[in-house]
Amino acid sequence: MARSAVPPVLFVIDDDPSSLDVLLSDLSRRFGNDFVLRGDTSPEAALAALQEMAAASEPVALLLVDDATPDFLARAHELHPGAKRVLLVDRDYSSTSPAVQAMALGRADYHIVRPWADNESMYRTMSEYLSSWTVEQEPNFEEFRIVAADGDSRVLQLRDVMTRFSMPFGVYATESEAGRRLLDQAGLDGTRLPVVIRYDGQVMIDPSLPDLAGAVGVSIKNEIDTCEVAIVGAGPAGLTAAVYAASEGLETVMLERAMSGGQAGTSPLIRNYPGFPHGINGGLLMERTCEQAWLMGAHIVFAQQAVALERRGDDRIVHLFDGTELRARAVVIATGIEWRRLGVPRLEALVGSGVFYGAAVSESRAMHDQDVFIVGAGNSAGQAALDLAKHARVVTLVVRGDSFAESMSSYLVRAIESIPNVVVRHGTEVVDGAGNGSLECIRLADRANDTVEEVSAAALFIMIGGEPHTQWLPAEIARDADGYLITGRDLREQPGGHWDDDGQPLTFETSMSGVFAAGDVRQGSIKRVASAVGEGATVVRMVHEHLREDQPT
Ligand SMILES: Cc1cc2nc3c(=O)[nH]c(=O)nc-3n(C[C@H](O)[C@H](O)[C@H](O)COP(=O)(O)OP(=O)(O)OC[C@H]3O[C@@H](n4cnc5c(N)ncnc54)[C@H](O)[C@@H]3O)c2cc1C
C-alpha cells in the first residue's frame with residue numbers, strides 16, 4: 001500500500017463496549033501496521049472525533065458501523081466522503097435486515113454479518129473492502145490527459161471511452177495552471193479544444209471515436225473477410241455470445257459501433273448481477289467479459305458500425321460503415337436499445353445508488369417506508385408504482401404531460417388513482433438531484449407555475465422507454481410495431497412475423513434464416529444484464545445447429 005504521511009484510520013462504532021474491544025483488537029492484529037484503529041461506543045463522541053480528524057485532514061479509510069446507529073453512517077460520510085461504509089449486522093437473512101435497505105439505497109458500500117465463522121474469513125472480507133479504498137487513493141498515473149474548457153460536453157464522451165477501457169486519465173480545465181502548462185508543452189495555444197495528450201506525448205485535437213480507439217490500442221478496422229459467425233453489438237449479449245462462440249471453436253468477429261459494454265457498461269453499479277452481493281461496476285464487468293472474448297480468440301472491432309445486412313446464397317453479408325463487407329455463415333444481432341436517458345449529470349452519477357433505470361420490482365421490498373419517485377407515464381411506470389406502493393411510504397409519479405390518457409392502460413390509471421400512497425404530479429420534470437454517496441433529494445420543475453422545488457427522495461426510478469437499434473436491417477427481417485426483432489416460434493404467431501424457409505425457425509432465429517437476435521433488441525426480452533448474458537450464451541447453441549443444418553453442399 002502507498003504510505004501517506006498520516007496513516008489512514010479504520011473507525012469502528014459498536015454500542016457494546018466488550019464487542020468494540022474485541023473488534024478493535026482483532027482488526028488491529030491484522031491491519032494495525034497500515035491503519036490506525038479507532039473506535040467508540042457513542043455515536044456523538046464518534047462524530048466529534050471524526051470531525052476533528054476531518055479538520056486535521058486525517059484520512060479515514062473505513063467506517064465500520066453497528067446497525068443500531070444507521071443515521072450515524074450518513075453523517076460520518078459527509079465528514080469523510082472517501083471512506084468505505086461497512087454495516088455490521090447480526091446474522092439474520094430475512095428481508096427486514098437493515099443491510100437489505102442500506103445496500104439498496106446506496107447508504108452502505110458493504111456489510112459484515114456477525115458472528116463470523118472465523119477470523120480469517122472476516123480478515124479476507126475486510127481486506128477486500130480496504131483494498132477498494134486503497135486503489136482509489138493511489139496517486140494516479142495518467143495515461144491520458146484531457147485539456148478542455150469548463151463545461152465542454154465532449155469531455156463526457158472522452159471520459160466514457162477512457163473509463164470503458166480502464167485507461168487512467170485526468171481532466172484539466174484550460175483556464176487552470178496545469179491545463180495551460182500541458183498546452184504549452186504540446187505547443188498548442190488552446191484555440192482548438194478539447195486536446196487529449198497520451199503519456200508518450202502523442203497529441204490529439206478534438207479526437208473522433210476512431211482516433212481514440214486507435215490511441216487506446218483497440219482494432220477499429222476489420223481485417224477478416226470471412227468468418228463463421230458475425231456478432232453485431234458488444235453489450236452483455238454480444239460479448240457473451242463472442243466468449244461462447246470463440247471458446248467453442250467458431251471463427252468469430254464482433255463489430256461494435258462505439259466502445260465495448262453497451263448500456264450495462266454505463267452503469268456505475270449493477271446490483272442484481274448474480275454473484276456480486278454488493279453490486280459490480282457495469283464497466284468493469286463488461287471490460288472483463290470483453291477481455292475474456294478476446295482471450296478466447298474472438299476478433300473484436302470497435303468504432304465500426306454495421307450499416308446493412310443481406311443474404312447472398314449460403315452467406316450472410318454484413319456491410320460496415322467504412323464500406324467493407326464481412327461474409328459470415330451466421331449472424332447474431334445484439335444491438336440492444338437506445339434507452340432514453342434523463343440527462344441530468346448529478347443523477348447519472350448516482351445510478352445504482354438510489355437512481356435506477358427500470359428495476360423497480362426487484363428493488364421494491366427495500367423501499368420499505370421510504371419516499372420514492374418514478375419518472376415516466378407508460379405502462380411500465382404505472383406497474384412500477386403499484387409494486388412500489390406495497391412497501392414505500394409514498395410513491396410519486398412524475399409525468400411531463402398533463403394526462404396519462406394516451407400512454408397508460410386505463411386499468412392501470414384506475415388502479416393508481418385508488419391507492420392512497422401514490423401521488424401523481426403532472427406537468428412536472430426532474431431537473432436535478434443530489435446526494436452524498438446515495439440519492440437524498442431531487443429538484444422538480446413545475447412547468448405551469450414556473451417553479452422549482454427540492455424534495456427529499458430515497459430512490460428515483462427512470463422509466464422513459466427506449467428504441468431498439470434495428471433501423472439498419474433490411475425489411476425482410478421481421479419486427480414488431482415497436483421495432484423489436486421477432487424470433488423463433490413467434491415468427492409464425494405474432495403480427496408482423498413471417499418465416500419463408502423450410503422447417504421451423506430455431507429459438508432466437510429471425511425471419512432471415514441464419515440470422516439470430518439476442519438481448520434487449522429481441523421482442524419479449526427481459527431487459528436485464530443477466531438475461532442478455534443468458535441469451536448471448538444460448539444463441540451460440542442455435543448457431544451451431546444452423547451451421548450443422550446449413551453445411552454447404
Ligand atoms: C443506466 C442503465 C442502468 C442499468 N442498470 C441495470 C442494472 O442494474 N441491472 C440490470 O439487470 N440491467 C440494467 N440495465 C439494463 C441493461 O443494461 C440492459 O438490459 C443490457 O445492457 C442489454 O444488453 P444488450 O447486450 O442486449 O444490449 P446493449 O447493452 O444495449 O448493447 C448493445 C450494443 O450494440 C451496439 N450497437 C448498436 N447498433 C449497432 C450497429 N449497427 N453496429 C454495431 N454495434 C451496434 C451498441 O453501441 C451497444 O454497445 C441498465 C440500463 C441502463 C441504461
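Mentor: Let us begin with a definition: buried means under 20% relative accessible area, exposed means over 50%, and partly exposed lies in between (1.4 Å probe, protein chains only). The model is predicted, so local features need pLDDT of at least 70, side-chain atom pairs count only at pLDDT 80 or more, and totals for chains, interfaces and linings use all residues. Residues are numbered from 1 along each chain as its sequence is written, and side-chain values use heavy atoms, with hydrogens and water left out.

Trainee: How many salt bridges are there?

Mentor: The count comes to 24 salt bridges. A salt bridge here is a side-chain nitrogen of Lys or Arg within 4 Å of a carboxyl oxygen of Asp or Glu.

Trainee: Which residue does Lys221 meet in a salt bridge?

Mentor: The side chain of Lys221 pairs with that of Asp322, at 3.5 Å from N to O. Lys221 lies in the loop between H8 and strand S10 (226–232), and Asp322 in the loop between strand S14 (315–320) and strand S15 (325–333), so the pair ties together parts that are 101 residues apart in sequence. Helices (H or I, at least four residues) and strands (E, at least two) are DSSP runs, numbered from the N terminus.

Trainee: Is Asp322 buried or partly exposed?

Mentor: Asp322 is partly exposed, with a relative accessible area of 34%. Lys221 also counts as partly exposed, at 47%.

Trainee: And what does Asp206 pair with?

Mentor: Asp206 forms a salt bridge with Arg154, at 3.0 Å from N to O. This pair links distant parts of the chain, 52 residues apart: Asp206 is in the loop between strand S9 (203–205) and helix H8 (209–216), while Arg154 is in helix H6 (residues 154–164). Asp206 has a relative accessible area of 35% and is partly exposed; for Arg154 the value is 35%, again partly exposed.

Trainee: What about Lys390 and Asp387?

Mentor: Their side chains meet in a salt bridge at 3.6 Å, N to O. Lys390 is exposed at 63% relative accessibility, whereas Asp387 is buried at 12%.

Trainee: Which residues form a network?

Mentor: Asp14, Asp66, Asp90 and Arg114 are linked in a network of salt bridges.

Trainee: Changing topic, how many disulfides are there?

Mentor: A search of the whole structure finds zero. The criterion is a pair of cysteine sulfur atoms within 2.5 Å.
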